[in-house]
Amino acid sequence: MAVAIALSERGRPASAPNPNVGCVIISEGRVVGRGWTQNGGRPHAEAMALAAADDAARGATAYVSLEPCAHASPRGNCCTDALIAAGIARVVVAVQDPDPRTNGAGIARLRAAGLEVIEGVLAADARAAMAPWWSRATRGRAFVTLKLATSLDGCIALADGTSRWITGDRARAHGHLERARHQAILVGRGTLDADAPKLDVRLAGLEQRSPQRLLLTRGAAPEGWTAVASPESLDSLVGVDSVLVEGGAGAASAFLAADRADRLLLYRAPILIGGGRPALGDMGLTDLADAHGRWRRTDSRQLGSDQLDVYERVREG
């Protein structure tokens with residue numbers, strides 16, 4: 001299942017509006033087919049894996065990061081019927097599909113056809129891998145990642161606004177990879193006026209994955225940008241399930257104050273600035289106790305001389 005989930009990441013965010021799903025088919029201890037949801041949502045992961053497995057799928061086990069779809073679509077057959085027709089004997093599912101058209105129906109149909117079904121394997125990991133789609137499907141809103149690149153003392157620039165560069169090459173390359181994994185990227189008016197950022201992806205082979213550019217402003221946005229009046233306004237943007245907030249302090253503070261940041265990327269360079277511009281402004285915090293228990297670290301890695309820590313917002317359910 002871990003391999004299926006890793007494969008699902010390849011479809012993010014290109015599989016939208018469909019979820020990014022991964023599938024691995026195992027027969028007699030070896031992989032005979034694998035797949036992930038393709039650009040635009042079709043073919044589905046199961047269809048890709050079954051095509052690769054061909055006749056070897058008969059009697060095999062399919063590991064799928066999301067319950068196979070059970071609803072009819074003009075774009076193709078449902079994956080539940082495809083698995084049954086291919087002769088798959090067992091299906092291991094990470095997490096049940098929250099889409100009401102399938103929710104539990106795919107698993108029920110597989111069992112009714114005599115297939116063994118195992119549920120709930122690495123469910124949390126599967127949900128995290130498809131976090132943008134999952135957020136839209138279950139909460140009706142985009143999944144927001146907040147990126148901060150700071151010095152050890154929490155500054156994002158010198159006092160005069162100079163910020164190139166706080167972090168090194170490897171950290172910046174990782175930041176561009178994160179851009180490629182999001183459908184939109186947002187900055188505040190101050191960052192736009194000070195830096196005139198392109199916000200594109202500058203990694204070889206991923207240039208076409210540059211996200212839509214959003215500007216947090218109550219005024220008009222320049223050509224090539226989309227104005228967003230508030231963090232909550234993201235909900236009305238069509239085709240935007242994942243947003244990367246890159247700056248500056250005002251935009252970051254606005255999303256934190258509105259509790260609309262779901263994931264935090266904290267890049268820290270081994271430098272001290274002192275008297276520089278802080279990463280955050282006022283977030284409306286009045287009680288220090290309210291700051292605790294809100295974030296859980298999920299990853300930590302060294303990128304050259306810089307440290308990256310990834311946190312996820314702790315939410316009930």
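Tutor: Contact here means heavy atoms within 4.5 Å. By that cut-off, 4 residues of domain 1 are in contact with 5 residues of domain 2. Keep in mind that this is a predicted model.

Start with the division of the chain. Domain 1 covers 1–130, and domain 2 covers 141–313. Their C-alpha centres are 33 Å apart. Between them, domain 1 and domain 2 bury about 560 Å². Carbon and sulfur atoms carry 40% of that area.

Now the specific links. The count between the two domains is 1 salt bridge. Glutamate 9 and arginine 181 form it through their side chains, with an N to O distance of 2.9 Å. A side-chain nitrogen of Arg within 4 Å of a carboxyl oxygen of Glu qualifies, so this pair counts. Polar contacts between domain 1 and domain 2 come to 2 residue pairs, with both residues at pLDDT 80 or more. On the side of domain 1 that touches domain 2, the classes are 2 nonpolar, 2 charged and no polar residues.

A search of the whole structure gives 1 aromatic pair. Its members are tryptophan 133 and tryptophan 134, arranged edge-to-face. Their ring centres are 6.2 Å apart, and the planes make an angle of 65 degrees. Edge-to-face applies because the cut-off is over 60 degrees. Both tryptophan 133 and tryptophan 134 are buried.

Technical notes. Residues numbered from 1 in each chain as written. Predicted model: local features only at pLDDT ≥ 70, side-chain atom pairs only at ≥ 80, totals over all residues. Heavy atoms only, no water. Domains from an automatic or database assignment. Buried area = accessible area lost by both parts, 1.4 Å probe. Polar contact = N/O pair within 3.5 Å; in protein donor to acceptor, adjacent residues only side chain to side chain. Nonpolar A, V, L, I, M, F, W, Y, C, P; charged D, E, K, R; others polar. Phe/Tyr/Trp six-rings, centres within 6.5 Å; stacked < 30°, edge-to-face > 60°. Buried < 20%, exposed > 50% of the residue type's maximum accessible area, 1.4 Å probe, protein only.
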